[in-house]
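Please look over the sequence and the structure below before reading on.

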Amino acid sequence: MPITWDKQTYDSMYRLPLWRWGVRGSPRVPYGHYTWFGHQGANELHAKTFIDLPGFAQVSDVVMIGGGFGWTAEKLVDHGINVINVEISPYVLAEKDQSEEQQLRDDLVKFGFDPDNLPVCIGPDYNTPVDPWSFWLRPDGKRTSITTVEEDMSTQASRQAVRSAISNNIDAIVTEFTIDSYAVDDDAGALQLIERCEQLRPNPAVAVIHMIQPNPSDTVLNVKTAQAWRDLLDANGYNHTVVDLKGNILTAGG
Ligand SMILES: C[S@@+](CC[C@H](N)C(=O)[O-])C[C@H]1O[C@@H](n2cnc3c(N)ncnc32)[C@H](O)[C@@H]1O
């Protein structure tokens with residue numbers, strides 16, 4: 001049975017507890033799975049991929065589809081871009097205004113660490129100050145500063161709500177590894193996501209950019225390679241851009 005990517009599947013991934021990275025090979029801290037601090041590097045990289053795209057320097061208002069907690073969106077804000085996030089994940093929507101602290105505490109305890117005595121547990125090699133909590137927790141006590149709207153863009157009203165949330169200014173629509181209820185190897189869900197982005201697009205001058213996982217052998221999150229997305233878009237006449245984290249940029253007919 002191929003994996004079907006629905007709300008339950010990606011939410012169960014978000015909820016995976018701490019990985020014990022580093023604990024096996026070195027005395028580093030256990031690493032959170034979907035945590036703000038743990039994702040800073042990856043989100044920086046994702047944002048840079050967008051920023052470096054030809055023409056992105058002119059972009060000032062972005063709708064991000066499926067941005068999780070909007071951590072990449074926050075990096076785009078650092079570059080002076082106004083971004084809103086569109087999400088349907090019950091996990092993201094329920095947790096976005098909550099602190100991560102309790103989840104981190106629970107996970108640390110689950111893996112045998114004392115959350116109130118971490119420097120001793122972790123040892124001297126970990127490159128945080130004495131109190132890792134000051135690095136792990138966001139100063140705002142939430143998970144995101146990005147406006148996140150709960151919309152699936154399936155109806156005109158839903159798309160209008162998205163447009164209103166960004167004051168009807170959209171320069172670009174980007175998806176970040178967004179997977180909308182479809183089975184691996186099934187084009188229907190991918191086409192549905194593509195079509196919803198197209199319908200949100202106010203006019204053809206607005207770029208639609210899909211960021212795709214780069215590893216063709218990864219059948220979990222990859223779903224399609226950048227080239228397979230390109231072929232699907234071309235076969236159905238969509239003038240969208242596909243990028244992957246290896247820097248491949250595939251434009252219509254390219
Ligand atoms: C694999 S996760 C990626 C999350 C985030 N972009 C990241 O890289 O951490 C895919 C996300 O797409 C969201 N999603 C799927 N279909 C969507 C839709 N129609 N509208 C908005 N978000 C959607 C899911 O809720 C999920 O959070």
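A nonpolar core is a set of buried Ala, Val, Leu, Ile, Met, Phe, Trp, Tyr and Cys residues joined through C-beta atoms within 7 Å; a residue is buried if 20 or more other C-beta atoms lie within 10 Å of its own, exposed if 12 or fewer, and partly exposed in between, with C-beta atoms placed from the backbone. This is a predicted model, in which local features need pLDDT of at least 70 and side-chain atom pairs count only at pLDDT 80 or more, while totals for chains, interfaces and linings use all residues. Residues are numbered from 1 along each chain as its sequence is written.

The largest nonpolar core has 35 residues, of which V62, V63, M64, I173, V174 and I209 touch the most other members. Leaving aside residues up to four places away in sequence, V62 touches L76, I81, V83, D171, A172 and V174, where contact requires C-beta atoms, placed from the backbone, within 7 Å.

Helix α2 covers residues 40-51, helices (H or I, at least four residues) and strands (E, at least two) being DSSP runs numbered from the N terminus. In α2, N43, H46, A47, T49 and F50 are buried. They lie on the same side of α2, because they cover an arc of only 155° around the axis, taken from the directions from the helix axis to the C-beta atoms. The buried residues of α2 pack against α3, β5, β7 and β8, whereas the face turned away from that buried side carries the exposed residues G41 and L45.

Around the ligand stand 20 residues, the closest being G66, G68, S89, E176 and D180; a residue counts as near if its C-beta atom, placed from the backbone, lies within 6 Å. β3 and α9 each supply at least two residues of this shell.

Conventions. The expected span of a helix is 1.5 Å times one less than its number of residues. Two residues are in contact if their C-beta atoms, placed from the backbone, lie within 7 Å.
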